[in-house]
Amino acid sequence: MSKKLYLSFLWHMHQPYYKDDITNKTLMPWVFLHATKDYYDIPWYLEKFPNIKATFNLVPSLMAQLEEYINGNANDKFLELLRKEIGALKQDELLFLEEYLFLANEQHMVKPLPRYHELLLKFKAESNSLSGFLYEEIIELQTLFLLSWCGNYLRQNNELVKNLLNQQRGYSQQQKLELLDTLFAFLKEVLPYYKSLNDSGQIAISTTPFYHPILPLLLDRQSAVDAKPDVVLPSSTPADYKDFANIQVQNAVEYYERQFEEKPNGFWPSEGSVSPKTISLLAKHGVKWACSDEEIIFKSLKDSRKELIYKPYSLETSNGKVNLFFRDKYLSDLIGFEYSKKSAREAAHDFISHLKNIYYNASESVVVPVILDGENAWEFYANNAQDFFEELYKLLSYEESWCKTVLFDEVPNIKDLKEHTLESLASGSWINGNFDIWIGSRDKNKAWKLLDMTKNFFDEIKESLDKHTLEKAKKEFLIALGSDWFWWYGDDHYTELNHHFDEQFRTHLKNVYEIMGEQVPPEIFTSIVKKEKKKQQHILPSDFIFPVVDGNNSNYFEWLNSGEIDIKKEFSTMDSSASIVEYLYYGKDKDCNLYIFLRGDKIKLKNILELRVSINDLIFIFDLKRGKESVNQNGTYFDIAYDEGIELKLYDCKLEKVKFSFEIYEDNNKIQRYPLYDETILDFENLFLNNWYI
């Protein structure tokens with residue numbers, strides 16, 4: 001039998017549970033917004049290509065919230081404020097809207113709507129405030145925000161959406177309300193659409209523990225140490241969360257069965273988090289397959305050869321066998337992070353070329369798992385990634401002689417794929433093969449200490465609680481154990497709304513005490529993260545600078561007037577744990593020499609790095625070793641120094657605007673790129689105007 005490459009996509013659709021059941025309010029609108037933009041579009045792109053298959057992982061906390069919107073029980077705070085007359089908005093309500101109304105990708109969601117872009121420029125000019133906006137402008141802004149979150153299915157098939165897009169500006173309160181009603185009605189179509197595609201066999205649907213917890217940490221906190229021996233665990237006495245781990249899986253299986261009239265075959269464990277106990281728990285509930293990351297199979301086999309991930313595996317547990325698949329991190333990250341910077345055609349052909357390399361180097365048939373977020377990457381693509389998907393699926397349709405897309409459900413029945421039994425399974429997640437994103441830092445451990453305090457107290461008194469009280473308190477615990485609250489603690493990821501995530505996490509713990517009729521400890525009311533005053537991600541240079549190129553911020557004044565980019569703020573739902581550069585400073589001296597300073601606490605921990613810099617589409621590569629050197633690359637002269645940070649001097653750069661990006665490699669592995677998408681502009685135009693003395 002001739003060999004074949006079996007390609008298995010899994011698109012992970014997930015949102016945390018944003019509703020506070022006690023106040024009956026949904027506190028953040030992301031379920032609604034991604035439903036109108038992504039949850040329908042991504043399978044819709046697939047349906048046009050009947051020979052292409054994919055698995056969609058639908059998280060119960062997402063589906064349950066969609067049902068709340070459909071049934072009229074969501075009571076979404078943001079959407080309710082959108083319905084109000086502008087003159088009736090209180091100041092705090094206007095400030096709440098202000099936080100959201102420009103949370104759309106500027107390049108691909110704002111700029112294609114010219115009036116929206118005009119309003120964004122006004123907002124920036126007025127120090128990120130709506131205080132100077134007319135009522136009519138705020139109505140326009142609200143309507144345009146909703147339109148920017150309309151996916152291509154709506155834009156191409158809904159008459160109201162098409163008409164409002166064609167109108168471009170001057171929207172009325174009535175039109176805004178009609179749009180809201182139309183979008184609410186559209187939500188009813190999302191889950192039935194998945195069911196119809198699942199019934200047709202073109203897609204399969206997998207799921208995740210109900211509120212998206214990190215199961216290994218609930219089953220045994222020691223798994224964090226197994227994954228990374230030097231992790232700093234919380235100092236509190238660990239509570240027992242095993243019963244909650246079981247409930248998260250059991251509730252997910254039961255909810256799935258109610259939705260789709262069958263039990264789920266597969267699980268994407270939250271964040272790809274696995275451990276031997278996790279897989280055994282899944283087997284107990286009848287799960288036939290699960291997926292994780294390539295780092296886990298490398299650690300399990302103590303062997304990092306890439307070809308190892310292209311085999312189907314199984315693990316025997318005390319509760320039965322589970323088939324296991326491990327994602328190709330490189331291919332998955334190409335789609336998630338890199339291809340948005342390329343044309344659709346170039347990206348699709350590049351993906352196929354990588355598949356061909358895998359195929360030609362394989363001695364037998366292989367399965368290639370490509371697993372990634374199904375909702376967050378597409379705003380960085382032109383046209384919500386429709387062009388990319390159509391190019392990719394078209395090419396895959398042509399390549400069926402050697403490459404075939406299959407569902408993970410189908411893999412065990414493919415005769416030319418040999419299953420390999422694992423003797424053991426390492427613990428870890430899809431990020432660096434450990435659990436650092438969810439435990440180990442100061443803020444994350446503070447959150448665990450609050451959980452431990454609350455759960456240990458609950459265990460002391462739960463026997464005295466009636467059944468109704470017990471179930472309500474348990475639900476609050478299950479929600480609080482979701483991975484997303486911990487994702488936003490610490491410096492790993494950034495969102496302007498991280499204080500809201502902190503508040504919601506602590507609200508669920510507060511609810512536990514109040515449901516039990518107990519006094520809430522003061523620690524629960526103390527913020528773990530503080531709300532930042534809106535700080536600009538990119539501050540332009542204000543004057544000439546004259547730094548000494550030695551790899552350090554040698555004195556307070558040398559970078560004082562530079563431009564500054566807070567790189568941490570680019571990372572939100574995307575992982576940034578491997579990144580080492582947190583801030584980029586730049587400026588010029590009076591002789592038109594350009595200076596770059598890359599700073600971050602992790603830089604000094606590295607010994608040898610490679611820096612690749614793109615300046616106006618020219619690539620320069622530097623092998624970084626401690627110290628300073630002068631370099632000539634193709635007639636361009638640099639000084640570069642590496643110590644506490646990385647400083648670079650480019651001689652004789654007369655351009656007023658410089659297109660710039662950088663990549664950092666360690667041991668031939670790329671550990672950081674900035675910007676993730678496209679390039680940034682180092683802008684000196686206003687600097688020269690400011691210093692034009694008469």
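Over the ring of which residue does the charged end of Lys455 sit? In this predicted model, the ring is that of Phe244, and the charged end of Lys455 lies 5.1 Å from its centre. A second contact of this kind involves Arg612, whose charged end sits over the ring of Tyr665 at 3.9 Å from the ring centre.

Aromatic pairs were then searched for across the whole structure, and 62 were found. One of them joins Phe32 and Phe184 in a tilted arrangement, with 4.9 Å between the centres and 45 degrees between the planes. Phe32 belongs to helix α1 (residues 30-39) and Phe184 to helix α11 (residues 173-186), so this pair ties together parts of the chain that lie 152 residues apart in sequence. The two partners can be described by their accessibility. Phe32 has a relative accessibility of 0% and counts as buried, while Phe184 is partly exposed, with a relative accessible area of 22%. Phe184 also forms a tilted aromatic pair with Tyr69, at 6.1 Å centre to centre and 55 degrees between the planes. This pair links distant parts of the chain as well, since Tyr69 is in helix α3 (residues 60-70) and Phe184 in helix α11, 115 residues apart. Tyr69 counts as buried at 3% relative accessibility.

The nonpolar interior was examined next. In soluble globular proteins, nonpolar side chains tend to be buried together. The largest nonpolar core of the model holds 200 residues, of which Phe9, Ile335, Leu355 and Tyr393 touch the most other members. Helix α15 (residues 242-260) supplies the largest share of this core, nine residues. Leaving aside residues up to four places away in sequence, Ile335 is in contact with Phe9, Trp11, Phe351, Val370, Leu372, Trp378, Tyr381 and Phe388. Another core, of 33 residues, lies apart from the largest one, and its members include Leu594, Phe622, Tyr674 and Leu682.

Strand β4 (residues 54-58) gives an example of an enclosed strand. Five of its five residues are buried, so β4 is largely enclosed by the rest of the structure. The cover extends to both faces: Ala54, Phe56 and Leu58 are buried on one side, and Thr55 and Asn57 on the other. Strand β4 pairs in the parallel sense with strand β1 (residues 5-13) over four bridges, and Leu58 in β4 stands opposite Met13. Strand β4 also runs parallel to strand β5 (residues 203-206), to which four bridges join it. Within β5, Ile203 is the bridge partner of Ala54.

An open sheet is made up of five strands in the order β6-β7-β9-β8-β12, with mixed pairing. Its edges are β6 (266-267) and β12 (420-422), each of which pairs on one side only. Inside the sheet, β7 (residues 289-293) and β9 (residues 320-327) pair in the parallel sense over five bridges. Cys291 stands opposite Phe325 in β9.

Cys291 has a relative accessibility of 1% and counts as buried. Cys150 likewise counts as buried, at 3% relative accessibility.

Asp639, a charged residue, was considered separately for its surroundings. Asp639 lies in strand β20 (residues 636-642) and counts as buried at 8% relative accessibility, the cut-off being under 20%. With residues up to four places away in sequence not counted, Asp639 touches Val549, Lys628, Glu629, Ser630, Glu647, Leu648, Lys649 and Tyr651. Asp639 is 591 residues from Lys48 in sequence, and the two are 53 Å apart in space, C-alpha to C-alpha.

Terms used
Residues are numbered from 1 along each chain as its sequence is written. This is a predicted model: local features need pLDDT of at least 70, side-chain atom pairs count only at pLDDT 80 or more; totals for chains, interfaces and linings use all residues. Side-chain values use heavy atoms; hydrogens and water are left out. Rings of Phe, Tyr and Trp (its six-membered ring) pair if their centres lie within 6.5 Å; planes under 30 degrees apart count as stacked, over 60 as edge-to-face and the rest as tilted. Helices (H or I, at least four residues) and strands (E, at least two) are DSSP runs, numbered from the N terminus. Buried means under 20% relative accessible area, exposed over 50%, partly exposed in between (1.4 Å probe, protein chains only). A charge sits over a ring if NZ of Lys or CZ of Arg is within 6 Å of the ring centre and within 35 degrees of the ring normal. A nonpolar core is a set of buried Ala, Val, Leu, Ile, Met, Phe, Trp, Tyr and Cys residues joined through side-chain atoms within 4.5 Å. Contact means heavy atoms within 4.5 Å. Two strands pair if DSSP finds at least two bridges between them.
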